[in-house]
Amino acid sequence: MAQNSSALDSLGTRDRLVVVAARLIQRQGYVGTGIKQIAKEAEATLGSVYHFFPGGKEAVAVAAIAYSAEEFAELLRAGLAGDDAPGAAIERCAGELAVGLRESGWVDGCPVTAAALETLGTDSEIQRVCAEALRGWERIVEERLLGAGFAAQDAREVATTVIGALEGAEVTAQVTRSEEPLRVVGRQLARLVGAYGE
């Protein structure tokens, strides 16, 4: 999902700052990403960062995390679309995440998870936007399950399980540098989801 240079060139300064910040947070975390680095890699001045984001690094990070959250939401919606059973769709999504992670050299994990873990215990805008991202992803899965005939409570609970399992498997896959955690979780989630139709 990395943006190439020509794709960045077509963006305005604010959007370039957001996309670059999202990629940097994805690869090196919120704490490891500096505002000067964001400006430099976005080919922007430090003054323009503060012009668009008077709140500084945290404000840029909030916009970047919201951008990343929507990017993953689009991937999730596309992965869950189609006529196949929801379990098969979820397994396919897990497989796509595994391939993307491997192709990135195990560095392009979830920027939402990275930022959330680094800011745990704080009452910050970063925690708020991370929580919104996770709830939004759960709603996407929940809607797909409701469309497949799940009862409302089952759809909510299984959706929470799916997102929690995928997020944990992605971190494990990064640490072990293996697709297997995501592939195993995808298969097991497919079995879980399928069990509701039996």
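**Briefing: burial, core and pocket in a predicted helical model**

W106 is buried, at a relative accessible area of 12% (buried means under 20% relative accessible area, exposed over 50%, and partly exposed in between, with a 1.4 Å probe and protein chains only). This is a predicted model, in which local features need pLDDT of at least 70 and side-chain atom pairs count only at pLDDT 80 or more, while totals for chains, interfaces and linings use all residues. Residues are numbered from 1 along each chain as its sequence is written, and side-chain values use heavy atoms, with hydrogens and water left out.

**Confidence**

- The protein averages a pLDDT of 91, and 95% of the residues score at least 70 (pLDDT is the predictor's confidence in each residue, from 0 to 100).
- Helix α1 (residues 5-9) has the lowest confidence, at a mean of 62, and α10 has the highest, at 97.
- Helices are DSSP runs of H or I with at least four residues, and strands are runs of E with at least two, numbered from the N terminus.

**Positive phi values**

- Most residues other than glycine have a negative phi.
- W106 is not a glycine, yet its phi is positive, at about 70°.
- The loop that holds W106 runs between α6 (86-103) and α7 (111-118).
- E43 also is a residue other than glycine with a positive phi, near 55°.
- E43 sits in the loop between α3 (35-41) and α4 (46-52).
- With a relative accessible area of 63%, E43 is exposed, whereas W106 is buried.

**Nonpolar core**

- The largest nonpolar core has 61 residues, of which L76, W137 and V141 touch the most other members.
- A nonpolar core is a set of buried Ala, Val, Leu, Ile, Met, Phe, Trp, Tyr and Cys residues joined through side-chain atoms within 4.5 Å.
- At least two residues of this core come from each of α2 (13-28), α3, α5, α6, α7, α8, α9 (152-176) and α10 (180-195).
- The largest share of this core is that of α5, with eleven residues.
- Leaving aside residues up to four places away in sequence, W137 touches A69, F72, A73, L76, C110, V112, I163 and E167 (contact means heavy atoms within 4.5 Å).
- In α7, the buried residues are P111, V112, T113, A115 and A116.
- The cover over these buried residues of α7 includes α2, α5, α8 and α9.

**Second largest pocket**

- The second largest pocket holds about 160 Å³ of space.
- On a 1 Å grid over the protein atoms alone, a pocket is an open set of points where a 1.4 Å probe fits, with protein on both sides within 12 Å along at least five of seven lines; lining residues have an atom within 4 Å of a point.
- Grid points are joined across faces, edges and corners, and the volume is the space filled by probe spheres set on the points.
- The lining consists of A66, A69, A73, R77, V129, E132, A133, G136, W137, R139, I140 and E143.
- Two or more lining residues come from each of α5 (57-80) and α8 (125-147), and α8 gives the largest share, eight residues.
- By class, the lining has seven nonpolar, one polar and four charged residues.
- Ala, Val, Leu, Ile, Met, Phe, Trp, Tyr, Cys and Pro count as nonpolar, Asp, Glu, Lys and Arg as charged, and the others, Gly among them, as polar.
- W137, which is part of this lining, is also a member of the largest nonpolar core.

- A169 belongs to helix α9 and is buried, at 4% relative accessibility.
- Not counting residues up to four places away in sequence, A169 touches P181, L182 and V185.
- Between A169 and D123, 46 residues apart in sequence, the C-alpha to C-alpha distance is 26 Å.
- R156, in helix α9, is partly exposed, with 42% relative accessibility.
- The C-alpha atoms of R156 and L146 are 8.9 Å apart, and the two residues are ten apart along the chain.
- E157 lies in helix α9 and is partly exposed, at a relative accessible area of 44%.
- E157 and E142 are 15 residues apart in sequence, with 8.3 Å from C-alpha to C-alpha.
- Q188, in helix α10, is partly exposed, at a relative accessible area of 41%.
- Q188 and I90 are separated by 98 residues in sequence and by 9.9 Å in space, C-alpha to C-alpha.
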